[in-house]
Amino acid sequence: MKKQNKSLVQILLPFGHFFFALASAVLGAIIVSWPLLLFFTFIEKSYQTVNLTIGQVMANYNQLLWYLVWPWKKKLLMTNLPTSASAASHFAEVKNLFILCEIVFLLGLALGCYFKQKKESIKLNQTWALLLMILPIVVLPFALTNFDSFFRVFHTLIFHNSNWLFDPETDPVINVLTEGFFAACFAVGGVIYELYFARFLLNK
């Protein structure tokens with residue numbers, strides 16, 4: 001690789017690792033969300049609030065997940081849980097973000113394989129790794145002490161409308177997607193993100 005190209009790669013490297021770590025954290029949280037929802041549905045007995053069995057709740061969540069992560073699934077339809085127009089609009093926005101994460105993740109894997117084949121190092125130096133690890137820790141105290149407020153601020157920053165404010169009467173799915181469930185998903189994503197950069201600190 002030419003010297004000029006190497007310099008450009010080194011400049012872009014921290015950004016590439018950041019977005020790849022973020023995408024990995026989101027996708028990891030999505031995967032773990034299924035057993036997490038099963039756990040919280042059983043523990044909190046949230047299935048009773050929608051008059052469904054645990055099996056039915058999970059079947060409906062499968063339909064929701066499939067819609068959110070599969071690019072060619074254009075319409076959301078949950079068998080037992082109706083969805084209002086505003087909620088459908090919000091889920092469509094979430095779907096776009098998830099698909100973007102999938103693209104970033106696959107692109108990151110492809111670039112990693114490419115540079116490995118070229119025997120070029122794309123290892124992140126420890127200073128950058130530490131800085132990128134500290135970023136989410138800044139909001140950790142706020143998230144831990146008042147997750148509901150953190151959740152609201154997060155959605156206000158990401159989404160420029162109020163469609164994420166579900167009415168349990170028209171969108172009963174919010175009765176099973178509880179605060180504890182979302183907090184656990186965020187925690188899993190945060191752990192994945194931190195572990196991604198921790199490996200650069202451990203591998204001297």
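The following legends describe close-up views of a predicted model.

Residues are numbered from 1 along each chain as its sequence is written. In this predicted model, local features require pLDDT of at least 70 and side-chain atom pairs count only at pLDDT 80 or more, whereas totals for chains, interfaces and linings use all residues; side-chain values rest on heavy atoms, without hydrogens or water.

**Figure 1. Overall fold of the protein, with seven helices and zero strands.** Helices (H or I, at least four residues) and strands (E, at least two) are DSSP runs numbered from the N terminus. Along the sequence the pattern reads α-α-α-α-α-α-α. The C-alpha trace spans about 65 × 40 × 30 Å along its principal axes. Of the 204 residues, 36% are buried, where buried means under 20% relative accessible area, exposed over 50%, and partly exposed in between (1.4 Å probe, protein chains only). The mean pLDDT, the predictor's confidence in each residue on a scale from 0 to 100, is 89 for the protein, and 92% of the residues score at least 70. Among the elements, α2 has the highest mean pLDDT (97) and helix α5 (residues 140-145) the lowest (76).

**Figure 2. The largest cavity and its lining residues.** A cavity is a set of points on a 1 Å grid over the protein atoms alone where a 1.4 Å probe fits but cannot get out, and lining residues have an atom within 4 Å of a point. Grid points are joined across faces, edges and corners, and the volume is the space filled by probe spheres set on the points. One cavity of 30 Å³ or more is counted, and the largest cavity holds about 30 Å³ of space. Its lining is formed by L37, V57, N60, Y61, M78, L81, V173, V176 and L177. Helix α2 (residues 54-69) supplies three residues, the largest share of this lining. By class, eight lining residues are nonpolar, one is polar and none is charged; Ala, Val, Leu, Ile, Met, Phe, Trp, Tyr, Cys and Pro count as nonpolar, Asp, Glu, Lys and Arg as charged, and the others, Gly among them, as polar.

**Figure 3. The salt bridge between D148 and R152.** A salt bridge is a side-chain nitrogen of Lys or Arg within 4 Å of a carboxyl oxygen of Asp or Glu, and the protein has one by this rule. The N to O distance between the two side chains is 3.5 Å. Both residues belong to helix α6 (residues 147-158) and are four residues apart, about one turn of the helix. An α-helix has 3.6 residues a turn, so residues three or four places apart point the same way. D148 is partly exposed at 34% relative accessible area, and R152 is partly exposed at 42%.

**Figure 4. The loop between α1 and α2, with K45 and N51.** K45, which is not a glycine, has a positive phi near 55 degrees. N51, also a residue other than glycine, has a positive phi near 55 degrees. The relative accessibility of K45 is 43%, which makes the residue partly exposed, while N51 is exposed at 71%.

**Figure 5. Helix α7 (residues 179-202) and its end-to-end span.** The expected span of a helix is 1.5 Å times one less than its number of residues. Buried residues of α7 include F181, A184, C185, G189 and Y193.

How values were computed
1 Å grid on protein atoms, 1.4 Å probe; cavity = no way out; pocket = protein on both sides within 12 Å on 5 of 7 lines; lining within 4 Å.
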